[in-house]
Amino acid sequence: MKFLLLIAAFQLVLISILAEELYRGNQLLRISIEEEDDARWMKSLEETSSGTTLDFWTSPVPGRKTDIMVTRGYVDEFKSILRQRELSFDVIMVDVQENVNNERSQTTAARRAKRDLGTLALQDFDYSIYHTFEEIQQWTRDIAEEYSSFVNLFTFGYTFEGREILALEITAPPAEGASDPKPIVYFEGGIHCREWISPATVMFFTSQFLKNYVDNVDNATRTLGMYDFHIVPLLNCDGYVYTWEVERLWRKSRQENPDFGCVGTDMNRNFDAFWGGGEGASPWPCSIIYRGFVPLNHNETRAIDDHFQNLRAANRVTKVFIDWHSYSQLILAPWSYSADVDPPKDTDKQIAAAGAMAKAMNETHNVPEGYIHGVGTDILYVSAGTSKDYGYASTPGATYSYTVELRDTGEYGFLLPADQIIPTGEESYNGVVAMMDWITANDYD
């Protein structure tokens, strides 16, 4: 691990030199949208935007505010357009590059301190900083070795660029009253690679569950005794590496789109649940919300479906499916693909379990504005081909399928300072425990 930290420290210096001006002068605008006509106009911009002038950090919804990063050469013109449409806005980040630099400085300083300590053991892994792809891979291997009596490391799949996607299977001995075999809880992080808090949080609460289980902490023994956990800390490995080495705010995969001169698919629009049948996903390959030419046409999304096809063939039941994201502090249940359809038959249970999770998360640190929960189309926006609809309606068949949007509500957005990793992880741990307790007590199907 020490060697990896030395290499990563050198890489950070090099990256800082190469990319220090990439977002210089870009501004993050928060735009108030009240009218449906303005929302439709804004959605058309989102669906056609490649991110070269406008990068939508949140999608447009009437009655809500939309965050858009505007490149320096287009800021004045876009503000003029907004004024002509009589749309009010605030400048949330005057210079996005400054926020990128602040995040990088925190990480670099923490790495220097860790390097000087010369720590090598897993128990000294620093969860308070963001980690490179190589370090996440090493952590995944180390955690499986440390808890090898009930944790299995396996290859989930391989990315477009050939990187190995690692996963953990946690199979603690069943508690009294547990099913045989136990139901599965599936977590994945980092499908949108710029959302660094996602894999960082998944790693933190995974380590807490394992450590607490060995230490005989009741909430961990209770949870792991009733459920097997399948965890993919980082799905979009290619994109994540790209955010460290080239573009910090890259969102999509790195799979090529031949004949279009652009790269990447929004993998959270590429699932075979209502793919291509709704709003919030674009057929244009250069769009930041490009859905792919066909569903599941990525190594990464196919790996997810292959995993659940295998589980189904083995008669394994998946009870919970959660895709961890940022930002907005939301716990979102199906549906996402349309607001004009009947809700799932399990909506009442889904909302109640999410409510238990939100309550526990909010009580952990009294995070400003708190986590709210509800149906995706009610409290966020319409988006077809997403993981939570897939988790419920397609191969996994999980009764409880969610997108969890972690901190914050927009002050830092995707550039959440590293000093918020551990608090985010702590509230997420408590939220998972509370959700699983609710399901254990109330789901009798």
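Here is a short chat about a predicted model.

Visitor: Before we start, how are residues numbered?
Guide: From 1 along each chain, as its sequence is written. Since the model is predicted, local features need pLDDT of at least 70 and side-chain atom pairs pLDDT 80 or more, while totals for chains, interfaces and linings use all residues, and side-chain values use heavy atoms, leaving out hydrogens and water.

Visitor: Okay, how many disulfides turn up?
Guide: One, in a search of the whole structure; a disulfide here is a pair of cysteine sulfur atoms within 2.5 Å. Cys 262 is joined to Cys 286, S to S 2.2 Å.

Visitor: And where do Cys 262 and Cys 286 sit?
Guide: Cys 262 is in strand S10 (residues 262-263) and Cys 286 is in the loop between S10 and helix H9 (299-313), 24 residues apart. Strands (E, at least two residues) and helices (H or I, at least four) are DSSP runs, numbered from the N terminus.

Visitor: Is that link left-handed or right-handed?
Guide: Left-handed, with -90 degrees about the S-S bond.

Visitor: New topic: at what angle do H6 and H7 cross?
Guide: Roughly 105 degrees, and the axes of H6 (residues 197-214) and H7 (residues 218-226) come within 8 Å. Axes are lines fitted to C-alpha atoms, for helices over the stretch in contact, with angles from 0 to 180 degrees between N-to-C directions. H6 and H7 are therefore roughly perpendicular, a label for angles of 65 to 115 degrees.

Visitor: Which residues of H6 meet H7?
Guide: Phe 209, Asn 212 and Tyr 213 do, and their partners in H7 include Ala 220 and Leu 224. Contact means heavy atoms within 4.5 Å.

How values were computed
Angles under 35 degrees count as roughly parallel, over 145 as roughly antiparallel, 65 to 115 as roughly perpendicular and the rest as oblique.
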